[in-house]
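Please read these notes with the structure open beside you. Take the points in order.

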Amino acid sequence: MDIIKQILESFSGTLPTDSRTAAAIARHAPPEEVSACATEEGLHALAGALFEACEEGGSANAGLDSDSHVASEITSRMQEFRRDMPPSCETAKLIDSGAPIEEISASAQQEGLTSLATMLFEAEQELEQNKK
């Protein structure tokens with residue numbers, strides 16, 4: 001399944017039914033429009049996930065559908081993020097300890113590391129979808 005569809009499905013149940021974002025998803029608006037609505041409504045995790053997926057090429061990028069690609073890419077990208085984190089950062093400590101992606105993602109979200117949290121969220125979704 002296309003990563004953009006996965007992102008939209010994973011967020012759809014958490015959106016207020018009267019939101020512009022939910023309306024855009026319901027009418028199958030392009031991901032850029034859904035992202036813009038999400039940003040306006042303060043749904044930054046959804047907007048960030050869509051932005052990242054669009055940057056990676058969405059369904060046009062066959063590499064996004066591979067477990068091994070996701071796993072190796074996630075490790076590499078986490079290490080890139082890690083280099084810019086202070087040693088006292090909880091997310092950095094979790095990365096260093098080899099904690100599960102879910103824990104690192106939650107910590108990144110709490111600490112406002114939106115890009116990292118979004119990237120990890122996408123990876124979690126992709127890995128979970130490929131298991132089904």
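1. Bear in mind that the model is predicted.

2. Now step back into helix α7, residues 101-110. Its buried residues are I101, I104, S105, S107 and A108. Look down the axis of α7: these residues fall within an arc of 165 degrees, so they line one face of the helix. An α-helix has 3.6 residues a turn, so residues three or four places apart point the same way.

3. Turn to the second largest pocket. Its space is about 150 Å³. Helices α1 (3-12), α2 (20-26) and α3 (31-40) each give two or more residues to the lining. The biggest share, three residues, comes from α1. Among the lining residues are I4, K5, L8, H28 and P30. By class, eight lining residues are nonpolar, one is polar and one is charged.

4. How many salt bridges does a search of the whole structure find? It finds three. In one, R20 pairs with E40, with the closest N and O atoms 2.2 Å apart. This pair links helix α2 to helix α3, across 20 residues of chain. R20 is partly exposed at 46% relative accessible area, while E40 is exposed at 56%.

5. R27 and E33 form another salt bridge, at 2.5 Å from N to O. R27 is exposed, at 51%. E33 is partly exposed, at 30%.

6. Check R82 and D96 too: their side chains meet at 2.9 Å, N to O, in a salt bridge. R82 sits in helix α5 and D96 in helix α6, 14 residues apart. D96 counts as exposed, at 52%.

Conventions. Residues numbered from 1 in each chain as written. Predicted model: local features only at pLDDT ≥ 70, side-chain atom pairs only at ≥ 80, totals over all residues. Heavy atoms only, no water. Buried < 20%, exposed > 50% of the residue type's maximum accessible area, 1.4 Å probe, protein only. Helix = DSSP H or I, 4+ residues; strand = E, 2+ residues; numbered from the N terminus. Arc of directions from axis to C-beta. 1 Å grid on protein atoms, 1.4 Å probe; cavity = no way out; pocket = protein on both sides within 12 Å on 5 of 7 lines; lining within 4 Å. Points joined across faces, edges and corners; volume = space filled by probe spheres on them. Nonpolar A, V, L, I, M, F, W, Y, C, P; charged D, E, K, R; others polar. Salt bridge = Lys/Arg side-chain N within 4 Å of Asp/Glu carboxyl O.
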